Amino acid sequence: METANQVRQLIQTRIDAGQLPQAKNYEIFGRQGDGLRCACCDDPITGQQIEYDLEFCSDMGAAATLPMHTVCYRAWCEISYAIQCRERSASPSRR
Ligand SMILES: [Zn+2]
């Protein structure tokens, strides 16, 4: 089990590497965990935990579903929004 800081670092690395999508264009469903591995920290989501299923709508048609722990989901949202804010302020609009 990773600490909260390790999980955040892992999420940051995976978003940078394109292994995790950023927090946009998705729907979220909550349910009881059934042992699937979390897309953020790789730990299984047990029956005692809530699993969030994130369904991403891609332009290609195929929807990808990622299971996440609730705490991992929150960390992923924060990190992803921070990246999106940075990108917006870094790219000057020329319109
Ligand atoms: Zn997790």
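Q: How many bridges join β1 to strand β2?
A: This is a predicted model, in which local features need pLDDT of at least 70, side-chain atom pairs count only at pLDDT 80 or more, and totals for chains, interfaces and linings use all residues. Residues are numbered from 1 along each chain as its sequence is written. Strands (E, at least two residues) and helices (H or I, at least four) are DSSP runs numbered from the N terminus, and two strands pair if DSSP finds at least two bridges between them. β1 and β2 (residues 50–56) run antiparallel, and the bridges that join them number 7.

Q: What is the bridge partner of Ile 28 in β2?
A: Glu 27 has Glu 55 as its bridge partner in β2. For Ile 28, the partner in β2 is Leu 54.

Q: Which residue in β3 does Tyr 52 stand opposite?
A: β2 and β3 pair in the antiparallel sense, over 6 bridges. In β3, the residue opposite Tyr 52 is Met 68.

Q: Which are the edge strands of the sheet?
A: The sheet is open and antiparallel, with its 3 strands in the order β1-β2-β3. Pairing on one side only is found for β1 (26–32) and β3 (64–69), so by the rule of at least two DSSP bridges per pair the edge strands are β1 and β3.

Q: At what angle to β3 does helix α2 run?
A: Axes are lines fitted to C-alpha atoms, for helices over the stretch in contact, and angles run from 0 to 180 degrees between N-to-C directions. Contact means that the C-beta atoms of two residues, placed from the backbone, lie within 7 Å. Helix α2 (residues 70–90) lies across β2 and β3, and its angle to β3 is about 110 degrees.

Q: How far apart are the end C-alpha atoms of α1?
A: The expected span of a helix is 1.5 Å times one less than its number of residues. With 13 residues, α1 should therefore span 18 Å. The value from the model agrees, with the end C-alpha atoms apart by 18 Å.

Q: What pattern does the protein follow along the sequence?
A: Its secondary structure comes to 2 helices and 3 strands. Read along the sequence, the pattern is α-β-β-β-α.
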